[in-house]
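User: Please go through the structure shown below with me, taking the sheet, the ligand site and a few individual residues in turn.

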Amino acid sequence: MFNPNTSLKRIIFLINFLPFLFSCNADQNGKNLKNDFYMNEKHRPQFHFSPEAHWMNDPNGMVFFEGEYHLFYQHYPDSTIWGPMHWGHAVSSDLIHWEHLPIAIYPDSLGYIFSGSAVYDENNTSGLGANGTGPLIAIFTHHDVNQEKAGSTTFQYQSMAFSNDKGRSWEKYEGNPVLPNPGIKNFRDPKVMWYEPEKKWIMTLAADDRIKFYSSSDFKSWEETGEFGAEHGGHGGVWECPDLFPMPVEETGETKWVLLVSINPGGPNGGSAAQYFVGDFDGKKFTLDVGFAPHVTLGNAKWVDHGKDNYAGVTWSNISKEDGRRLFIGWMSNWLYAQVVPTEVWRSANTLPRNLTLHYAANQFELRSNPVKELVSLEGEIKKLEPGLYEGEKTLSAFANHPLQKIALKFKNPTSGSIVLRLSNSKNEYIDFGYNSDSTSYFVDRSKAGDSTFSNDFAGKHTALASYTKNEIDMLIYLDVSSLELFADSGRTVMTQIFFPSEPFNQLTIIEGSNSIELIEGTTTDLTRIWPDKADAAH
Ligand code: FRU
């Protein structure tokens, strides 16, 4: 996380940003609340969650409670770079439109507030509820920076806070930490779930190069029950932000357990990314499915997302049985360059919320991600693209002043060569994406997509091997002002990529491939932004 260029960057940032601060009536936090058009600065995502101002990294503590989806996040409210971590907070009734709330959890004498999770303690097992109802409990890592500087290896431990007012105020538990450090340097990011068969809480925790499991009946004392991973999966970096949950396998109806593990670095296209494992959990330990194991031998990983910008993602707790979805959101950046991307007021956004499903196809388990159905509420005019054979370069659609788009394309799989689509603006900046039938892989190329001077790790063509081949190539794309999310083949291959053009992309072109390309069907759909125009309406 530490970047030696940071001080220089901070000075450059201040020189650039100070005049802006004085010119627009910023409040004491630097938020531009008097701006006539709220959340609309250059590069500001228009239908993705981002903090009003300053630094954000991992999504934390996602819990659904009494009609509200809570989203907390790693936040440093004094700068646009990483610093003493707080939990920022927002709520939504539809996963799409967010209301920013005050900071939920502040650092204290035990340390910064690192990543973690939140649950509804319905049976008041913790005894921390009030008026006959159980509390919401947030469990997080306390990171003691003083101990870290002093050279200790036990500076991360797990603590909790609780709320009895729908998450509006949080009290730290007086007995913190609830899980002290046993001598493991990276010991963090607790994800807790209720394990109904044994009526106990299970904590999944990242510990250096593996995941450890703990259980508790009261949330206050935790016992280690097992560990997983030292011999499996990607190990190009430290393991972080795990999640463990059961899922029905759509084709067979059986239940399997999915373990998500973020890793930094070591991602498929460099830097940070999230991998997954499929197996069984007996209340104590996770065992890989025998059929899945060959895909995740030491050094091999299955990725939740092959793009460079989906990290530290985990899922919501307490989703109702009737809903039954496994809802996921990730941090749409990468530690390689997150702190230097060219945004001024805030830094980083989240991915779209996604519905995860588990499948058994081509003799293996496969996790698929698709954007949540609630996004339909943003949809406006739908334009049909002309089906048929395309040769040479042709504009498929021009969005004019409407750069927020959902693009759905179905092509015939070419026998050789590539399908290359281009999203461009009038400044001759563009991002290419598509499918290469020779290498059976999807790609997103952001080499010419605008500003990339801030990091040598940013520009480039990134690829994802398709998990299988078939006669039709399906691509669903969500295009925001500074991000593209490609969900290929019904969510089997996903790529999330950010970019910083000098003006939004507003034209879709098909680029000459080696052969003619057949578009079977395609649409572009205008999307609306999620923020009210005035800041006041958002609070
Ligand atoms: C992942 C991470 C977590 C940690 C947090 C600190 O991006 O490094 O492991 O809790 O960020 O902000």
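Predicted model: local features only at pLDDT ≥ 70, side-chain atom pairs only at ≥ 80, totals over all residues.

User: Is N60 buried or exposed, and which side chains make polar contacts with the side chain of N60?

Analyst: N60 belongs to strand 1, and it counts as buried because its relative accessibility is 0%, where the cut-off for buried is under 20%. Leaving aside neighbours within four places in sequence, N60 is in contact with L71, F72, Y73, Q74, W87, F114, S115 and G116. Two of these residues also take part in polar contacts with the N60 side chain, at 3.3 Å for the side chain of W87 and at 3.0 Å for the side chain of S115. N60 is therefore buried, and the polar partners are W87 and S115.

User: Which residues come nearest to the ligand, and how much of its accessible area does the protein cover?

Analyst: The shell around the ligand holds 13 residues, among which D58, Q74, R188, D189 and W335 come nearest. A polar side-chain atom of Q74 lies 2.6 Å from an oxygen atom of the ligand, an N or O atom in the side chain of W335 is 2.8 Å from an oxygen atom of the ligand, and a backbone N or O atom of S115 lies 3.1 Å from a ligand oxygen atom. Of the 320 Å² of accessible area that the ligand has on its own, the protein covers 100%.

User: What is the relative accessible area of S215?

Analyst: S215 is placed in strand 11 (residues 210–216). Leaving aside neighbours within four places in sequence, S215 is in contact with K200, W201, I202, S221, W222, E223 and T225. S215 is buried, with a relative accessible area of 9%.

User: Where does F292 lie, and how far apart are the C-alpha atoms of F292 and E366?

Analyst: F292 lies in the loop between strand 16 (286–288) and strand 17 (302–303), and it counts as buried because its relative accessibility is 0%. Apart from neighbours within four places in sequence, F292 has contacts with Y276, F277, V278, K302 and F365. F292 and E366 are 74 residues apart along the chain, and their C-alpha atoms are separated by 9.1 Å.

User: Why is strand 13 described as largely enclosed by the rest of the structure, and which residue in the turn of its hairpin with strand 14 has a positive phi?

Analyst: Strand 13 (residues 238–248) is largely enclosed by the rest of the structure because 9 of its 11 residues are buried. It runs antiparallel to strand 14 (residues 255–264) and is joined to it by 9 bridges, with S262 in strand 14 as the bridge partner of E240. The two strands form a hairpin with 6 residues between them, and the turn residue with a positive phi, of about 80 degrees, is G253.

User: How many residues of strand 32 are buried, and which residue stands opposite A488 in strand 33?

Analyst: In strand 32 (residues 483–488), 6 of the 6 residues are buried; S483, E485 and F487 point one way, while L484, L486 and A488 point the other way. Strand 31 (residues 472–480) pairs with strand 32 in the antiparallel sense over 6 bridges, and strand 32 is also joined to strand 33 (residues 493–498) by 6 bridges, again antiparallel. The hairpin of strand 31 and strand 32 has 2 residues between the strands, whereas that of strand 32 and strand 33 has 4 residues between them, with D489 in the turn at a positive phi of about 50 degrees. The buried count is 6 of 6, and the residue opposite A488 is T493.

Key: Residues numbered from 1 in each chain as written. Heavy atoms only, no water. Buried < 20%, exposed > 50% of the residue type's maximum accessible area, 1.4 Å probe, protein only. Contact = heavy atoms within 4.5 Å. Near = heavy atom within 4 Å. Polar contact = N/O pair within 3.5 Å; in protein donor to acceptor, adjacent residues only side chain to side chain. Areas by Shrake-Rupley, 256 points an atom, 1.4 Å probe, with all protein chains shown as cover. Pairing = 2+ DSSP bridges.
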